[in-house]
Amino acid sequence: MRTLILDNGSFTIKAGYSDIQQPLEIPNTIARTKRTKRVYVGDLIDKSNDLSGLYYRSPFERGYLVHWDAELAVWDRALSDDVLGCQPEETNLLLTEPVFNFRRIQRSMDEMVFEEYGFSSLLRASSTKFAALGSGHTLYGNGKEEEAPECLVVVDVGHSGTYVAPYHRGRMVASAVRRMDVGGRLLTNYLKETVSFRYWDMMDETFIMNAVKERCCFVTQDFYRDLETAHGKGRGRLAVDYVLPDFAHSKTGFVRGQEPRTEELMRDSVQILPLCNERFAVPEALFHPSDVGMDQSGIHQAVFQAVMACDQRLQPAMLANILVVGGSANLPGLRDRLAAEVQALAPAGTVRVAVPEEHKPELSAWMGAQQQLHSASPACTALDQWRVTREKYHELGPDRIIAHFDRFK
Amino acid sequence: MSDDKNLVPKAPARRVQSRYAGKYYWDKTTLEQRRRARLQMLERENYTMLPDFESMPIASDVSNTKRQGRPPRTPSSAPKARLSKIVISTADEGLKRANRKETRALAAQKVSFADILASETGCEATSHSDKDKTSPSYYYLTCIATPQQGSISAPARHFCSICGYKGLYTCVDCGMRYCSLPCKSTHVDTRCLKHVA
């Protein structure tokens, strides 16, 4: 019987069986093209060549699974023979949910898994929990599998927002979790807004601006120094021209100078997006949400507050084991900047921030779950005891199952 | 003299008279409204709203395997009817799930996040069995990292709306920021909200 690990994120689903190396990433939305008005579920959007003005209908609202009609459509597509080829009756499922998922949504999720799809067993936990389980390798790994450290802070910089979750002996310290609402989606929208005001109107082009953000943006180590450089004579070092796509030749566009056949691809009618200070001013919103008018602390302050909310004896160990996961952890320079900022807030302790390098940070939860299922260490065989089979679900009822998974947090 | 007071019209309450006669700076309520509207726009999934598309029910149609992604063809006899539902065609061999009545009811519900949050906090207020455990909705509401909790927060930074450098000066007519005189002239020519909007 195979085990399917399904990391149900608000941007993409990372899904794959436990015996393969890399999960598939399927967009967790229903997209509609503007010109041809066609509707594509999940990964079918890759078949379309018309990616401008995409309208997304997402099952998630503010990071929580609210619209089941869209989610069922995406799950049907993900489990279909074209993608995963899953037979739910003969599959064990590992499913992720947001930190502090609401009871009503948990009940619906369990109901869908057991009664609608009929999976053989389920283990439902937050994505930070799975990332924490597999964190030993990132924090200490020399190639062999390590157990997760006793005190650990998982910073999940995801699509809907950022959660800072401290873990002690594998269990989340719920009262010390902190959240800030700047995530990948807000960064993309901030970039869209800035660019639309200054250069071309890109307010409807979420897909393209997401690609621009992923390729051009970085986190600066010294904001004012780079701002001066971008303003003054040293512009050339930081300025980047992004060639916007004409969908005949490229789907997402490219950075001028980075594609090998750039001269061939440059036609007279290309539209260029010149980016200079937007490259680093947009990710600054992670550290200063007041830049976008949000009255919340930056990510460094959230980490500091989360650590300070833990027991005093655990704080030094927490500061030394900070793991950053999630899509926006791909931003270059984030790790060093976060380490420097948190160190400035906690000068007495040693701060160590780690971002996974052996795999992409957004896959950390999936990789953590997979590593646990295959590892030989005794901590992971414990995963089996937390699994709930379909028979047990029918026997105990939904509420007791929810209480059971609560203890796994 | 007292007659002059009645002749001179009173300025509307929300204008703040500055030293510059006849000009005014935007007051706090307007700025606050603008800030909140901007933040709401930044947190949306899509920029333009398509309420028709959002409210269209999604039907899983097993038989239309050839028509992946295309809207169903209307019969030639009927007039061009508007698309009433999104038809998602699934795997070649059919749905992997039971498609129960309860599921369809759940999928047809039009709840928003605010509804669910309200019902969760409402439930917790009345439930008395969970006194020892705190509910997820309680944690969700209280776990926001705000600057007031023990961290020093610097005042908000502003950027020039034209070029992105430090926004040191404010346009007196519309409240947007600029960094220098060249940016100010660009602003007044093309983007000043007072003249353009």
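**View 1. Arg103(A) counts as buried, with a relative accessibility of 12%.** The cut-off for that label is under 20% relative accessible area, so 12% puts Arg103(A) on the buried side. Bear in mind that this is a predicted model. Arg103(A) belongs to helix α2 of chain A, which covers residues 103-117. What does Arg103(A) touch, once residues up to four places away in sequence are set aside? Two of its contacts, Ile402(A) and Asp406(A), sit in chain A, and the other two, Glu120(B) and Pro136(B), come from chain B.

**View 2. Arg100(B) and Glu115(A) pair up across the two chains.** Their side chains form a salt bridge, with 3.2 Å from N to O. Zoom out from this pair and the count between chain B and chain A is eleven salt bridges. Polar contacts between chain B and chain A come to 38 residue pairs, counting pairs where both residues have pLDDT 80 or more. Which elements of chain B give two or more residues to the side that touches chain A? On the helix side they are α2 (28-42), α3 (51-55), α4 (101-108), α5 (113-126) and α6 (136-142) of chain B, and the strands are β1 (58-61) and β2 (86-89).

**View 3. Here is the contact surface where chain B meets chain A.** On the chain B side 70 residues take part, in contact with 81 residues of chain A. Put together, the two chains bury about 7,600 Å² between them, and carbon and sulfur atoms account for 54% of that area.

**View 4. Residues 160-192 of chain B carry a UniProt label, "domain: HIT-type".** The label comes from an unreviewed entry. In the model, this span is 33% helix and 12% strand. Its end C-alpha atoms lie 13 Å apart.

**View 5. Chain B on its own has eight helices and four strands.** Of the 197 residues in chain B, 28% are buried. Take the contacts between residues at least 6 apart in sequence, and 39% of them join residues at least 24 apart. The accessible surface of chain B is about 13,600 Å², with 56% of it on carbon and sulfur atoms.

Notes. Residues are numbered from 1 along each chain as its sequence is written. Chains are lettered from A and ligands numbered from 1 in the order in which they are written. Side-chain values use heavy atoms; hydrogens and water are left out. Buried means under 20% relative accessible area, exposed over 50%, partly exposed in between (1.4 Å probe, protein chains only). Contact means heavy atoms within 4.5 Å. Accessible areas come from the Shrake-Rupley method with a 1.4 Å probe; for residues, only the protein chains shown count as cover. UniProt positions are given in the numbering used here, feature names are shortened, and annotations may be inferred rather than shown by experiment. Buried area is the accessible area (1.4 Å probe) that two parts lose on being put together, summed over both. A salt bridge is a side-chain nitrogen of Lys or Arg within 4 Å of a carboxyl oxygen of Asp or Glu. A polar contact is a pair of N or O atoms within 3.5 Å; within protein, one must be able to donate a hydrogen and the other to accept it, and residues adjacent in sequence count only if both atoms are side-chain atoms.
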